[in-house]
Amino acid sequence: MSSNEQLFIKEYFSLPLSSLRPVLAAAHISTVRLILQYYNRFKDSLQLSDEYQSTMVSVLLKIHQAKDEKLLLELGSLLAAASPTDIQALSSMLNINVRETINTNMDRMSLAQREAFGLWYSKVMSASNITGGHLSLIRDTGNLIAYLPFQSFQHLSAAQLFDGLDVLQRNTLSSLKQEFIADKLIGTYRNLTAQDFIRLGNLSCLADPEDLLVYRNTEAFQVIQENILSCALKGLSLPSQMVSDFLLNNPELQIPSSLSANRLKELAPLLPLLGATFLKDLTSSQLISALPALKSVPFTPIQASIIVDKLFLTNTLRQNQLQELGSLIVGVKTETLLPLTSDRLLSMLKALSQHTPIRCLPHKHALCAPEANAIATKLWGFPEVVSWLDDVEPLLRCTPLLSILPRTRLLVERLSNTSTKPWNTQQAQAIVKELININPDLIKQDFLSLQRLGQGLSCNVLKYHFQADKSPSSVRKILSFLQQQPTVLHTSLKKCVIEELDTFDFTDMLQDLGAEIALSIPVSTIKKFSADKMDTLRNMIVTTPQHFLMLSRTKQELLVDKIVQRMAMNTGPFTEEEFRSLGIMAPFVGDEVFVQLERTFFIQNLEYLKGLCYSSSKMEIVARMLQEPAVFGPVKNWNKATLSAVGRFLFFLPSNILQEISSPLMTVGRIERLFMSHRQWEEGEVGILCSDMNERNELSQKQQFVLQTYLGFLKINSFSLPQIVPTCEILRTTAPSAWTSSSLGRMSSSAFSNCLELMGQDPFLQSYQRAEVLSRVKKIYGPISSFSQSLIAQLGGIALEMSPEELSALQLEERRSIAAMGAISTWNNRQLTTLFTRVLNSTKRTPSQLDSSMLVALGHIVCGAKTTEIKTFNNVELSKAVLWLGQLRLSCSEDQMLALVELLTNNLAFGPMDSWGTDVFIEIGVLAAGLPDIAMSALVKEQIQGITPLAISIIPPEKFAAAFHQSQISMFSYEQAVAVTPQQLSALRDVQRTALAMVLTPWEDRPVVLKSRPLGLGLTLRHSPLCLILELLMLLIILF
């Protein structure tokens, strides 16, 4: 390339991105070659953006490569910038040079790009090419073969897999392919050597345990055990037989006290799996020596308490060494923490934050709620706490608002440090309110300096800044500032932004809103977006899907419906390109669109599809798709590979179809892997936000049917296995609720004891199952009056089967046992009354002596107190407990709720109700439902904004109708409005229903045509047109 040519070609790399595609598309092929030569030579100094390179390669592949197939060889590293869509659109031309070019650049590609090349490669690598290929097919093909769709990959023979194992293992294999390789190799060969298993490594853990047991008493068996131990130490899920036969039966684990300290350190990550019985047999000297390794292991609270109690009881560990416990601090009693000095608590928190992720939702914290409350309230009792913010940060968002309020002035004086901490919304609001009192000019002049306190801004402050400077650059700064907040923005703040920006055309700044705020735009506005704006919204949601998953199901479906309509995806086949462009939203299209999904894409991308979220109707469609002749055909013809490919989708099938699966295929190991794969999804980023409790309950029943059908509990044919007695290991991989009550009752005593905590936490155990478990508990541990605090803490929901008389025999002395009972929401009134009385008697306290950590531990049991007893609660202590109590669906009576909320009005608590701001209403949660009618009818907009949807839903219908005026109802957010129950709706007057409808319709985009029916699906009420017009006029007069 001459110097003149270089100068000419260099100009192509100076083109603006908007001009690159048309200019490059029009270039001659010879010019294109020069451009590629220049790029490959100077790519490091060009510093092109990813989008620029992606556009370049898109044009080259779509336009120029079609003219000259050799161009692909000249792309070089630019190939790594190709989008999956462009890759799949390549012609099916393939030769060794092209394959080598792809293989060479594959390590620079994302997994999506690699899979796209694998899908492209499958067009020329048919099943017959694979089965008829040489032994060295994998080595000859290289990395590319590892990314073939499973439908093609499954045709590789055991011999080909064994020969090419090194190639496969250096690539990123899906769990499905790994399982296939393990099953194919270890299931086919019976003479593998120790060296072969060293080569297999973690793949050994995916084999059928029966195939591994044939190597018992051989040199290879020790390597197999080491591989499985390695998997366990890495936290990989293992089927129960693998755990019991290859780990628990290991001779060195038979006598726990004989393990050396060094070996115990090595085994530390495995100890939670070994259970409470194993931990109890360890000596205190072993534990203290292994403590550096143990303190970062995620033990359950009961397991941690066994270790901690053993260390304390033998004086091996003293209270001034609590900081050495790390994550084991979850096993320390609240009673031990309460007398500690601030120095010791701070050092303990420092150690905890080093070993435990900071998850400060009150119900998901590293510490249990009573412990978190006890530590936080004690530390915030010292004025010096404002200089300890770095140390108390792990508990910051769990700290009661009442503990923060006396320190707001000091926090404002240290604003530069205060503004960097992850406060919760109500704390931020209180601090900002104090800042406005002290230094109002700062809010006006430099409110961006508030940093993470921005979530505490009022709507008035935001409006001031939006109106003070309406330039795009100023608005963008504000929106960027809001996106940097440490927690989800409050609904009222997002609504304020949308309403304020609606005064001028904000659609040009749609991208700057961020997905969280953009998803607060009403559907009635979204449906007016142009195709470009809709595409921008679509891309925002795909890029940051968590905010979409947090929407209600109704909102999700309405939003996606508008996107699909505007993007013209609602006619013809639902293509792969369309599906992938929607990302997490794809399963929320209308049923009539989803059923048109291209089956080829469906089959070849099951791994991707299984990671998404599905409503009940979509589950039914997926189930029908799986059985179509062009997919997998009738269930009775499915084989082992089919079941592996289908994975958790198996639970989408109806029960009558499930029982048609060939019984020999549904082994214990297969069933366990199905349970484990679903749990892995359920605990992942999508699953944790996807299913509500009703959907989880339905799926639990389906899982129970599968397990009981194929493990012999429900006889369906001669192949049914004899009934088995579950081990603790198999309860962990499946679920206690999936087993019959009689099988749980026949467990060995050690297995039963090891898994009692797990059974107590299973929310899907039925009454008859709990009764059987409780009966067994009594047989093993004796009369209820002799139950230890640790045992009571493990019982959890099992205690529901105790009569009031039996509950009155419990010794509820410690907060951990009380909290286990207080976490249960389904006690009846007699049980609640008995439990509250029992707590007072066991702790030798009066109601007025209950501190905040005890009230937090009581949880639902608070509703067991008489109204006269509630009135004697300490105002301050209750106010410090409402952060937790306010998140529970309390079953208290109207009088009890009123008594609770009146305690909060004391001047030492939150003061008079008319002085409460949004912050207090957010803090008290459901207790807002206890406000007197008069106080509720006097609430202003700022206060109504803080009422949680849960609080709205538990207000008695007659009270709701009497207290809330239509002008107040019109101030509801969509989330508050949709929480209104059918019973509350039926008690409303017509004008109140109209106000409610006007809140719902902008989002649900439905006309205000009224008749009684559940909210969220369109609010309707029979009316004459004239009556409706008059009602709307009355409401507008009231509002304006």
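These are my notebook entries on what I looked up in this predicted model.

**Entry on salt bridges**

I began with charged pairs, since side chains of opposite charge can pair when their charged atoms come close. The count for the model comes to 30 salt bridges, and I looked up several of them one by one.

The side chains of Asp 163 and Arg 139 meet in a salt bridge, with N to O at 2.8 Å. Asp 163 belongs to helix 12 (residues 158–163) and Arg 139 to helix 10 (residues 137–141), so this pair ties together parts that are 24 residues apart in sequence. I noted that Asp 163 is partly exposed, at 22% relative accessibility, and that Arg 139 is also partly exposed, with a relative accessible area of 47%.

Next I looked at Asp 166, which forms a salt bridge with Arg 199, the closest N and O atoms being 3.2 Å apart. This pair links distant parts of the chain, with Asp 166 in helix 13 (residues 165–169) and Arg 199 in helix 15 (residues 194–200), 33 residues apart. Asp 166 is partly exposed at 47% relative accessible area, and Arg 199 counts as partly exposed at 26%.

Then I turned to Arg 815 and its salt bridge with Glu 335, where the closest N and O atoms are 3.0 Å apart. Here the two residues are 480 residues apart, Arg 815 lying in helix 57 (residues 815–822) and Glu 335 in helix 23 (residues 334–337), and the pair links distant parts of the chain. Is Arg 815 buried or exposed? Arg 815 is buried, with a relative accessible area of 2%, whereas Glu 335 is partly exposed at 28%.

I also wrote down a network of salt bridges that links Asp 309, Lys 333, Glu 814 and Arg 816.

Glu 500, which I found in helix 34 (residues 491–501), is buried yet has no salt bridge. Which side chain of opposite charge is nearest to Glu 500? I found that it is Lys 463, 4.8 Å away, and a salt bridge would need the nitrogen within 4 Å of a carboxyl oxygen. Leaving out residues up to four places away in sequence, Glu 500 touches Lys 463, Phe 466 and Gln 467.

Asp 211 lies in helix 16 (residues 209–213) and counts as buried at 13% relative accessibility. The side chain of Asp 211 makes a polar contact of 3.0 Å with the side chain of Arg 190. Apart from residues up to four places away in sequence, Asp 211 touches Ile 186, Gly 187 and Arg 190.

**Entry on covered parts**

I looked at helix 20 (residues 271–280), which is mostly covered, as 7 of its 10 residues are buried. The buried residues of helix 20 are Leu 271, Pro 272, Leu 274, Gly 275, Ala 276, Phe 278 and Leu 279. Among the helices that these buried residues pack against are helix 18 (240–248), helix 21 (284–294) and helix 52 (749–754).

Leu 903 is found in helix 62 (residues 894–903) and is buried, with a relative accessible area of 7%. Beyond its neighbours within four places in sequence, Leu 903 is in contact with Ile 870, Lys 871, Phe 873, Asn 875, Leu 878 and Ala 909. I also looked up Ser 848, which is 55 residues from Leu 903 along the chain, and found the two C-alpha atoms separated by 12 Å.

Val 980 sits in the loop between helix 69 (974–978) and helix 70 (982–987), and at 3% relative accessibility Val 980 counts as buried.

**Entry on the surface and on phi**

I noted a nonpolar surface patch of about 320 Å², made by Val 488, Met 550, Ile 688 and Leu 689. Of these, I followed up Ile 688, which is found in helix 48 (residues 687–690) and is partly exposed at 48% relative accessible area.

Asn 217 is not a glycine, yet has a positive phi of about 70 degrees; Asn 217 is in the loop between helix 16 and helix 17 (219–233) and counts as exposed at 77% relative accessibility. Gln 451 also has a positive phi, near 50 degrees, and is found in the loop between helix 31 (440–446) and helix 32 (459–468), where it counts as partly exposed at 37%.

How values were computed. Residues numbered from 1 in each chain as written. Predicted model: local features only at pLDDT ≥ 70, side-chain atom pairs only at ≥ 80, totals over all residues. Heavy atoms only, no water. Helix = DSSP H or I, 4+ residues; strand = E, 2+ residues; numbered from the N terminus. Buried < 20%, exposed > 50% of the residue type's maximum accessible area, 1.4 Å probe, protein only. Lys, Arg positive; Asp, Glu negative; His and termini not counted. Contact = heavy atoms within 4.5 Å. Patch = residues over 30% accessible without salt bridge, like charges linked within 9 Å, V, L, I, M, F, W, Y side chains within 5 Å. Areas by Shrake-Rupley, 256 points an atom, 1.4 Å probe, with all protein chains shown as cover. Polar contact = N/O pair within 3.5 Å; in protein donor to acceptor, adjacent residues only side chain to side chain.
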